[in-house]
Amino acid sequence: MRAAFALACVAWVGVAWVGVAMADPAAEAGDPERGYRLSTPCASCHDGDGRTRYGLYPRIAGQHYAYLLSALREFRTKERHQAFAFQMWDPVRDLSDQDLRDLAAYYARLPW
Ligand code: HEC
């Protein structure tokens with residue numbers, strides 16, 4: 001009986017873990033080569049290497065993939081709307097989920 005309970009616990013934890021892993025944006029793959037090709041319009045503000053020289057815009061090179069992806073999604077839905085965020089709305093408006101993953105993968109791989 002105790003063994004059966006332990007087994008049930010292990011199975012439950014296993015299922016829960018898989019659920020968490022699937023919900024983790026870091027587990028979703030992006031293609032950095034494709035992201036590079038999509039990044040041309042981004043360079044006007046973030047510079048070609050993502051190390052933004054203009055001090056009022058953030059550096060994005062070398063940032064965590066999961067963070068970049070969630071930021072891009074929040075600009076696309078306009079959930080992120082404070083201060084200068086509106087400047088990000090147009091650049092991501094027509095991009096697909098895969099485009100955002102590819103861009104995030106590209107910038108995450110660049111040196112900080
Ligand atoms: C017109 C200028 C402009 C363009 C073009 C632009 N950005 Fe931005 N970006 C900004 C500004 C300004 C912010 C800061 C927004 C804020 O304060 O929330 C920002 C923020 C970001 C952030 C969040 C950084 C952080 O630390 O939270 C990411 C990621 C990003 N941009 C990626 C991109 C990508 C990818 C593209 C191209 C598809 C792009 N940007 C095009 C101006 C621009």
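Visitor: How many helices and strands does the chain have?
Guide: This is a predicted model, where local features need pLDDT of at least 70, side-chain atom pairs count only at pLDDT 80 or more, and totals for chains, interfaces and linings use all residues. Residues are numbered from 1 along each chain as its sequence is written. Helices (H or I, at least four residues) and strands (E, at least two) are DSSP runs, numbered from the N terminus. From that end, the elements run α-α-α-α-α-α. The count is 6 helices and 0 strands.

Visitor: What share of the chain's residues is buried?
Guide: A residue is buried if 20 or more other C-beta atoms lie within 10 Å of its own, exposed if 12 or fewer, and partly exposed in between, with C-beta atoms placed from the backbone. The chain has 112 residues. Buried ones make up 21%.

Visitor: Is His-46 buried or exposed?
Guide: His-46 sits in helix H3. Around His-46 there are 21 other C-beta atoms within 10 Å, so the residue is buried.

Visitor: Which residues does His-46 contact, leaving aside neighbours within four places in sequence?
Guide: Two residues are in contact if their C-beta atoms, placed from the backbone, lie within 7 Å. His-46 and Arg-59 are 13 residues apart in sequence, with their C-alpha atoms 6.7 Å apart. The contacts of His-46 are Thr-52, Tyr-57 and Ile-60.

Visitor: Which residues come nearest the ligand?
Guide: A residue is near a molecule if its C-beta atom, placed from the backbone, lies within 6 Å of it. The shell around the ligand holds 20 residues. Nearest are Cys-42, Cys-45, Phe-84, Ala-85 and Pro-91.

Visitor: Which elements give two or more residues to that shell?
Guide: By class, the shell has 16 nonpolar, 3 polar and 1 charged residues. Here Ala, Val, Leu, Ile, Met, Phe, Trp, Tyr, Cys and Pro count as nonpolar, Asp, Glu, Lys and Arg as charged, and the others, Gly among them, as polar. The elements are helix H3 (43–46), helix H4 (65–76) and helix H5 (89–93).

Visitor: What classes of residue make up the contact of H4 with H6?
Guide: H4 brings Tyr-65, Leu-68, Leu-69, Leu-72 and Arg-73. H6 meets them with residues including Leu-100, Arg-101 and Leu-103. By class, the contact has 10 nonpolar, no polar and 2 charged residues.

Visitor: What is the phi of Asp-47?
Guide: Most residues other than glycine have a negative phi. Asp-47 lies in the loop between H3 and H4. It counts as partly exposed because it has 16 C-beta neighbours inside 10 Å. Its phi is positive, although it is not a glycine, at about 65 degrees.

Visitor: Is Ala-83 buried or exposed?
Guide: Ala-83 lies in the loop between H4 and H5. Its phi is also positive, about 45 degrees. With 8 other C-beta atoms within 10 Å, Ala-83 is exposed.
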